[in-house]
Structure formats: C-alpha cells, structure tokens
Amino acid sequence: MVKATNLGFPYVGAQRELKKLVESFWSGKINEADLKTGYSKIQEAHWKVQQDKGLEHIPSGEFTLYDRVLDTAQQFGVIPQRYQHLSPLDQFFAMGRGLQRPATETSAKVDVPAMEMKKWFDTNYHFIVPEFEQDQEFTLNAPRAVEQFKSAKALGIHTRPVLVGPVTFLYLGKPGKNSAQFDTLSLLQKLLPQYVALLKQLKEAGADWVQIDEPALIYDLPAAAKEAYATAYQTLQGAATGVKLLVAAYFGRVEANVDGILDHVDGIHLDLVRAPQELDVVLPRLTKGQVLSAGVVDGRNIWINNLANSIQLVNKAVAALGQDRVFVAPSCSLAHSPFSTSFETKIKAANPELYSWLSFSVEKCAEIVTIAKAVSQGPEAVQAELQANAAAVESRRVSPQTVNPQVRDRVAAVPAADWKRPSPFPVRREAQVKKLQLPLFPTTTIGSFPQTKDIRVARQKHNKGELSDADYQAFIKEQMKNMVKEQEDLDLDVLVHGEPERNDMVEHFGHLLHGYDFTQNGWVVSYGSRCVKPPVIFGDVSRRGPMTIDEITYAQSLTSKPMKGMLTGPVTMMKWSFVRDDISADQLCTQVALALRDEVVDLESAGIPCIQVDEPAIREGLPIRRADWDAYLQWSVGCFRLSTAGVRDETQIHTHMCYSDFNDIFDAIADLDADVITIENSKSDEKLLKIFESKQYTNEIGPGLYDIHSPRVPSVEEMKTRFADMLKYIPAHLLWANPDCGLKSRQWPETKAALVNMVEVAKFFRAQQQ
C-alpha cells in the first residue's frame, strides 16, 4: 500500500501559541518549566491532528523553539566561545537573538550579539548560520529528535524522526569569527560518529524510519560536496542497522547530486512540485528496493492541489516501483504553510469561491491521504473528494476574479523608455545634492518605528469596528507626530513617518491593491518567534487609488527636514505573498511594478523629495540553480526600475535589502540604479562591503551599523569600530549611517538608545573629515 506521509508541520501552533509562549519566557512572565510544559502540549496537539487525518509517517524532531539549524548546532556542541558560559537555554536563545543582561549580586554582566541569520534557501524563513572552528570537536547533547520521538511514543503515536543532514549542516555553516578560512566540509569525518550515535539512540528508542533533510542537494555543488555526500551516506548506512534512512531534498531539482547517495539510502524524497521532471530521471535508478517519497502536494503555498495531476504522477511511480515502495508527501515541510483554513471564516463568508481554492497544512495532510487512497484503493474510494477538488480547480481556472483585461493590456504595452531613469546617477546626484543639502554621512532609519501596544490595540479596535475611522486616523496622526518629533530630537537627517498605520510591509499595501485578499490566521514563521501573515494574490493586480500620500505628506508638513516616502517593492510584494501559480512570475511582477510606479509618481508630485522602495526579497527570490539566474534577474531588476523610473533627477530613490549575499549578483544589484541602497551588514564581518569596493560601486550606500533583530544596544565605541571599517571600503561622500532594518519589532527605550549612539558616531566622523 502507498503510504501517506509528512515531512514537517507548522510548529508555531494553530494560532501562534508557541510564539506567545516563547515571548512570555523572554519577558520573564513564565519560567523554564512552564515553557517546557507549554511546548509539550503544542507538540502533542500537532501529532494528534496529523494522526487524525490519517497520515502513516508523522514527523517528530522538527519542532523547535527558535530554529532547527540552531538546535542542530547546540546538540552537536557547535557553540562559539562567547556563548559557552551561559546555561543551555540562555545559550540557545542568545545564539539566536543575542542577550544583554546587567550584572547582579550573584551573576556577571552578559552582553553577547546574535549569530548571523540568513534566508533558508529561497524561502522567507531565516536560519541561524552555524560557526565552526578548524579544530572543532563534536559532542552529542540531549538530541531533540530522541526527546520528541519518545514523547510521541508515550502518547501512543509512532513518528518518523527528522534530522538536519550532516552535509547540509556543514555546508550552510561558516568558519568562526576568529578562525582562518577553511572548508567546513573538512569536518565531516569528525561529525559523522555523532550522527551514528544519534541514529543508534533513535533505534533504541524504537524508530524504524529516520528522515534526514539534505536540501543542499539542490545547489550547484562542487565536487568536494558531492564526495562528502557519498562518504556520509556510506558511513551512515553501514552504522544504521535496523533503521531505514530517508534522505529528503526539496525546493528544487537534485540532478546528478544524488549519484553518490542513492545506493546508500533506503529512500529518497523529491520535490515534484518544483521539479516534476526528476521523476523520470530518478525512477530507473532505484534498483535496490529503495522507496520514493513523492512530494506532490505544495508545502510552500496555499492553493488546493490538483489531485488528478498528482495521482497521475504517483501512479507513474507505482507502475515502476510497486505500491510498497512509494510514499505520498508534501513537496517540503508544511512549516512554510499556515495551519488550517478552518480559521478563515471571513473569506469563507465574503468570497466562498476563493475559499474553495485554499488549502493550508491541515488540509494538505488530508490531500496527501486522499492521493494515497486513490492510488492504493482506486479513485472510487475517494470519489466525493476527487469530484469536489475537480470542481474547485476548474472554478479557479475560469473565474472572472482572476483576470482583469485592462491590467493585462497595460502590461503588454509598457514603453521601452519606462524601464530606466532618464539620466545617469552622476547627473541625478548633482541635482539631489543641490536640493537636499544633506551633511556628510547622512543619518536615517529604514522606515518603521516600534509598534507599541497602544498602536496594536488601536488597530484591533478599528478592525473590530470599536474605533471609528475618524478617531483611528486622528490616533495615527498623533503617533506620526510623535515619531517625527523623536527623530528631530535625535537629530536624524532624513526622516520617515514611522509607519504606525502599517501592520506589515506587504499586507498593508495588499489592502490597497486589487487582486489581493487576506487571511485571519495565515501565519508562518519568518525567524525565531517572528511570524508574518502573507497576503494572498489571487487575481490581476492594480492600484485602487493613492496608497501613502496622506500619511507621507502629513509627516512632511511637520518638519523642514526631508521625509522619505516608504513603499514595498514589486518583487517583495510578490515573493512575500502567497502568490498565484496560474500566471508567470514576470507577468505578475510587472503588474505590481506598474501599480507602484503610479504611487511613486504621485509622491513626487506631492513634494516628497526621497522615496524608498524596499526590495529585501530580490536576492531571496534568486533561483537555486545558476542556469536559471539570468532570466530571473532580467525581469526582477527590470520591475524594480519600472516602479521607480518615472521621477525627475532631483528625486532621490532609496532601496533596502537585508540578509543577502550580494557577491554573486552584484552586477544585478548595481543595475537596480537606486540612488541610495541600504543593506544588512552588522552580522556580516565586512564581507558584503568588499564587493562594493572591488566593483567600484558609484552610488550611495548605507551598510547597517547595528543589528535591529536583537534588543541589544551596541555602544558608541562598537559602532565607531564598525563605521571605521566601512570607510575602508566605501568613499566618505557616498556613505550613510543607518540601522540594519526597520525598527518595528523593537521597544522604544532600546530604539532611542541605539539611535542616539548612531547619530553620535556619524557626527564624530563628520568632525574628523573637516
């Protein structure tokens, strides 16, 4: 019989229970015992939901309090020296988010920054980058997979433990801060004995299958990495007597990267949503009784599965291998999908057709079971489910909600001149210097200021109808007034309105665009406890009307200093949404770019001198395989330029990017032709800056001076050191001072303290230049 299986589940909880629990622990409202009791209840509920849906392989070990890669690092003793004096739980969270704690009579002062954070492949999730030493020693410490397997077993639920694979773990890591550069894969032989020990513990606990996640298999791997895979799985297979190993690759195509492992594993998982063509390539190679885990249900999006198409793919696998050697699965862990559509009562009532097109994690589990039953028992066993699915798929295909002819005509007729600014940067800069009159090393922020409890409560009351539109707008204006005053008191040079009216940088604009809708509970994790609720793009996109003019012009009226208009760029608007999958990405992105272009032109007409169009997702959206890069960069960079190129020379266009490796796409970043680019840099050890120097980047740049994802406040001396390092690579007349990212998630005391220090640093270096 074909088995219905899962690779992972949204650990944050049905209604973000884990987020609330962890943040209560951080704030001191609950203790460590309460935290453990709370997360145990969440785990138990998740296992039971999957069991009730009929899944036969239910994952365990993938539940985390912050990040799975960070879990892996701690359990194998990969702990940088600066965190080793802390207790295990303090250590874990300090590595993820930093820790700043004053000295007491019984304990010393603690002040450690967070480790580097990067995007998890091409998703909007961020992982903590492990730091390895050349003489790294590995130890096995309270492995989560064993603990969670035993917890589920005690409930009478037999699970499939999930591990981050040894090659992916090493390959995604980096040399420690004080270590010379070396190939982290050189540590494999020292790490493998700990994986062997872990597999033995899982066997002794009663596990029969173990899922080892190796998503690095989808990269363009060097020969050394391919050899590492062969070595790793020869070793693990030889030691894993009694436990079957399923290696899971997802987010793309594996191609020849699996050559060295197929003969040394009991099963291979393929992402047949992203790479359906690989089924025909891999099937003939499974000659030793291996199982194929067919990832046919999209684990990264929220649309219903086309069950007929998926059944056809799975039947092809069964025809080659037999039913007992095929698993039905999501394409990747369902942690990238919201919990359940059962919470979406508003969409169900207001737009039942759209609701019929949606499928979240719980519903995807049901889809997996339906596919497995249809293949094992015949379509008649699930006839009602198949009929309902076919009707919904056809409804989405022909619905007038999805197509706007006027939008499509405008996309088809964009003039060639609209894709770039009329004048080159040196000409524009001369006009901007004359207009803005900014000092050397101008200071600014990225856009948002703290979303206080008062702001969140007012927004909730307004959404519930308990606060009138007039009263809410008056409240928002008062918040903006306060934020502008705070910036003037801090003596920042280019101000922002603070975004008190925005709940999220994508969702806010989605409400102002045709083609978007919004969930009540469609939360997914971005990093740590930080969750986002992406909008749903279901139809063609156009602007309903002016989106930011009232707020930005009001804020500008409060100050004589230049105010930045703040928009989210077309690529990010698309990538950070649950995007429709029934038209091409470039066509959809062009629709969004044209809507934003109208807003940019309106802001300039309203007298706003600086306009920031954020594109943090442009690097994240880069295809995994280099062969696919050129086509993506052509339309993504083009859409940014299309959105910003309608303004005069003296209007300064800013953009912001975070957590990106720019080295491999630097020419495309330069091709954006933004007048000012601000980037994440505080965790990057100057490596991002070197490329700007070596490529002789000529536009203005603001590398992040401090990390806003941690509550820690860096000292003036620390910031001076960082700024001096920036001046090694960036000419003084092009350098800005700013935080890494927006300040929405921070509290006001730490925000003001950090900005006071930042402004002092900028003034110090100005004085040195005079």
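Predicted model: local features only at pLDDT ≥ 70, side-chain atom pairs only at ≥ 80, totals over all residues.
Colleague: Why is Cys365 called buried?
Modeller: Buried means under 20% relative accessible area, exposed means over 50%, and partly exposed covers what lies in between, with a 1.4 Å probe and protein chains only. Cys365 has a relative accessible area of 0%, so the residue counts as buried. Cys741, at 16% relative accessibility, also counts as buried.

Colleague: How do you know whether Cys365 is in a disulfide or in none?
Modeller: A disulfide is a pair of cysteine sulfur atoms within 2.5 Å, and the nearest cysteine sulfur to that of Cys365 belongs to Cys332 and is 12 Å away. Cys365 is therefore in no disulfide, and by this rule the count for the model comes to zero.

Colleague: What makes the largest nonpolar core a core, and which residues have the most contacts inside it?
Modeller: A nonpolar core is a set of buried Ala, Val, Leu, Ile, Met, Phe, Trp, Tyr and Cys residues joined through side-chain atoms within 4.5 Å. The largest such set has 135 residues, and those with the most contacts inside it are Phe169 and Ile268. Helix α7 (residues 188–205) gives the most to this core, with nine residues, a helix here being a DSSP run of H or I with at least four residues, and a strand a run of E with at least two, both numbered from the N terminus. Apart from this core lies another, of 95 residues, among them Leu495, Met574, Trp576 and Leu596.

Colleague: Which residues does Ile268 touch?
Modeller: With contact taken as heavy atoms within 4.5 Å, and residues up to four places away in sequence not counted, Ile268 touches several residues, including Leu246, Val258, Leu286 and Ser293.

Colleague: What is worth noting about the phi of Phe251?
Modeller: Most residues other than glycine have a negative phi. Phe251 is not a glycine, yet has a positive phi of about 85°; Phe251 lies in the loop between β11 (244–248) and β12 (267–271) and is buried, with a relative accessible area of 2%. Asp491 also has a positive phi, near 70°, but this residue, found in the loop between α18 (469–490) and α19 (507–510), is partly exposed at 30%.

Colleague: Is Glu56 buried, exposed or partly exposed, and why?
Modeller: Its relative accessible area of 42% falls between the limits, so Glu56 is called partly exposed. Glu56 lies in the loop between α2 and β2 (58–60) and, leaving aside neighbours within four places in sequence, is in contact with Val2, Lys3 and Ala4.

Colleague: Why is Ser310 called buried, and where is its place?
Modeller: Ser310 is at 4% relative accessibility and therefore counts as buried; its place is in helix α10 (residues 307–321). Leaving aside neighbours within four places in sequence, Ser310 is in contact with Val296, Asn305 and Ile371. Ser310 and Val375 are 65 residues apart in sequence and 10.0 Å apart in space, C-alpha to C-alpha.

Conventions
Residues numbered from 1 in each chain as written. Heavy atoms only, no water.
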